[in-house]
Amino acid sequence: MDKRREIKTIGVLTSGGDAPGMNAAVRAVTRAAIHHGLQVYGVMYGYHGLISGEIRPLTSSDVSGIMHQGGTILKTARSEEFRTTEGRAAAYQNLVKYGIDALVVIGGDGSFSGASAFSKEYDIPTVGIPGTIDNDISGTEYTLGYDTAMNTVIEAVDKIKDTASSHGRIFFIEVMGREAGLLALSTGIACGAEAIIIPESDEGYKDLEKFLAHYKEKKSSGIVMIAEGDKAGGALKLAERVNSEYPELDVRVSILGHMQRGGNPSGIDRVVATQMGVAAVDALLDDQKSIMIGLVNNKITHVPFNKTVKANRSIDQNLFDIQKVLNKWY
Ligand code: F6P
């Protein structure tokens, strides 16, 4: 028997946008908890299920064969009700009903701010695992799903490049990320984009102007990567603006959308999800509360919830500098 254990029963849920690797994390949490002699409940539909009582026991075999699946077997939701004190009170009643004395929440910063409020109000030890394709959470260099989403975007853009170069067209490609531009920046680098437009920097607009001037002369095709949260209002708006300024250019728009959230998790997402899942259970057994499991310099860290919420990671300027060195039209 594990000496550290005071907790007997944990609940695990996935919340916010799904991300590849969430299932691998659910599997790791469940099996690590069972290994330490704990009982595990899966909460369906995130905080929504906590409030409505959609809660079921999870055994080792329940999480068998899910590691490679995208999405989340626990389903997910964005719960407005959990933002209210009444919603959290109903959620607490369900924890009492099922004897759940600690929670693992897999999700983004919005999910952690809910977890933080709940954990404070009801003294429920709660540990978060960062899961979002946006990779926009402070205190961790990695969030589950980011690597898979990056590869999904790259695969799509590689295909678009074939048609772009055949027609000599410019494609404006919109990538997800909410207010964060890291997914657009990294995939822009990986796809050799001519300009990368993200909310955190104005440099992409200058690159775009330079590229358009170059394109008018040479008519070579081009890829402009745009983060959905950019200041111009996304790929459609930016392409419209460019079209009205340069009607002679052959411009097309491709909004990749939710396909970026799906698919089998990459090797990195499976391994990190497994590390984080095991670390989350360890943290609870070590009496940690209100923390997120992070990954910094490839090492597991514990980050207090108040350091993870509402603060986006800053963008690596070095990636922009690299982009300039490599662009052929400078
Ligand atoms: O946070 C993940 C994410 O996919 C963002 O990149 C995107 O802005 C948002 O979720 C979309 O949310 P929904 O699926 O609720 O439309």
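Biologist: Which residues in α1 meet R270, A273, T274, G277, V278 and V281 in α9?

Modeller: This is a predicted model, with local features needing pLDDT of at least 70 and side-chain atom pairs pLDDT 80 or more, while totals for chains, interfaces and linings use all residues. Residues are numbered from 1 along each chain as its sequence is written, and side-chain values use heavy atoms, leaving out hydrogens and water. Helices are DSSP runs (H or I, at least four residues), numbered from the N terminus, and contact means heavy atoms within 4.5 Å. The α1 residues that meet α9 are A24, A25, A28, V29, A32 and A33.

Biologist: How many nonpolar residues does the contact of α1 with α9 have?

Modeller: Ala and Val count as nonpolar, Arg as charged, and Gly as polar. The contact has two polar residues and one charged. The nonpolar residues number nine.

Biologist: Which residue has a polar side-chain atom 2.7 Å from an oxygen atom of the ligand?

Modeller: A polar contact is a pair of N or O atoms within 3.5 Å. R78 has a polar side-chain atom 3.0 Å from a ligand oxygen. G177 uses a polar backbone atom, at 2.9 Å. The residue at 2.7 Å is D134.

Biologist: What share of the ligand's accessible area does the protein cover?

Modeller: Areas come from the Shrake-Rupley method with a 1.4 Å probe. On its own, the ligand has 400 Å² of accessible area. The protein covers 75%.

Key
Helix = DSSP H or I, 4+ residues; strand = E, 2+ residues; numbered from the N terminus. Polar contact = N/O pair within 3.5 Å; in protein donor to acceptor, adjacent residues only side chain to side chain.
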